[in-house]
Amino acid sequence: VNSVAALGVRYAHGGPHLSWPLIAWFTGATAVGALAGSNLAGRLNPVRLSVAFTVLVVLVGGYTLVRGLNGL
């Protein structure tokens, strides 16, 4: 929904100027990442995977907080 809304706004302001090679690259990278992640997730312990994701989210949140506070 967000992507469609953003595309609509860009189209209303002069039309979208899309870089199809870049879109193709991201699409390919996403497909490869999804396949690799699916394969890897099937081999990992779900509890460890959940803990690793939680740690990643906390680290990204901490990084974002520190960057935001430095900008004040």
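**A walk through the predicted helices**

At 48% relative accessibility, Phe26 counts as partly exposed. This value comes from a predicted model.

How many aromatic pairs does a search of the whole structure find? The search finds one. The partners are Trp25 and Phe26, with ring centres 5.3 Å apart. Their planes meet at 85 degrees, so the pair is edge-to-face. The cut-off for that label is over 60 degrees.

Leu7, Leu18, Trp20 and Ile23 make a nonpolar patch of about 390 Å². One of its members, Leu7, sits in helix H1. Leu7 has a relative accessible area of 42%, so this residue is partly exposed.

Now move along the chain to Leu44. Where is Leu44 found? Leu44 lies in the loop that separates helix H2 (20-43) from helix H3 (46-70). Its relative accessibility is 38%, which means Leu44 counts as partly exposed. Ala6 is 38 residues away along the chain. The C-alpha atoms of Leu44 and Ala6 are 36 Å apart.

How confident is the predictor? The chain has an average pLDDT of 89. A score of at least 70 is reached by 97% of the residues. Which element has the lowest mean pLDDT? That is helix H1 (residues 2-12), with 83. Helix H3 has the highest, at 94.

Definitions and conventions: Residues are numbered from 1 along each chain as its sequence is written. This is a predicted model: local features need pLDDT of at least 70, side-chain atom pairs count only at pLDDT 80 or more; totals for chains, interfaces and linings use all residues. Side-chain values use heavy atoms; hydrogens and water are left out. Rings of Phe, Tyr and Trp (its six-membered ring) pair if their centres lie within 6.5 Å; planes under 30 degrees apart count as stacked, over 60 as edge-to-face and the rest as tilted. Buried means under 20% relative accessible area, exposed over 50%, partly exposed in between (1.4 Å probe, protein chains only). Helices (H or I, at least four residues) and strands (E, at least two) are DSSP runs, numbered from the N terminus. pLDDT is the predictor's confidence in each residue, from 0 to 100. Patches are made of residues with over 30% relative accessible area and no salt bridge: like charges are joined within 9 Å, nonpolar side chains (Val, Leu, Ile, Met, Phe, Trp, Tyr) within 5 Å. Accessible areas come from the Shrake-Rupley method with a 1.4 Å probe; for residues, only the protein chains shown count as cover. A salt bridge is a side-chain nitrogen of Lys or Arg within 4 Å of a carboxyl oxygen of Asp or Glu.
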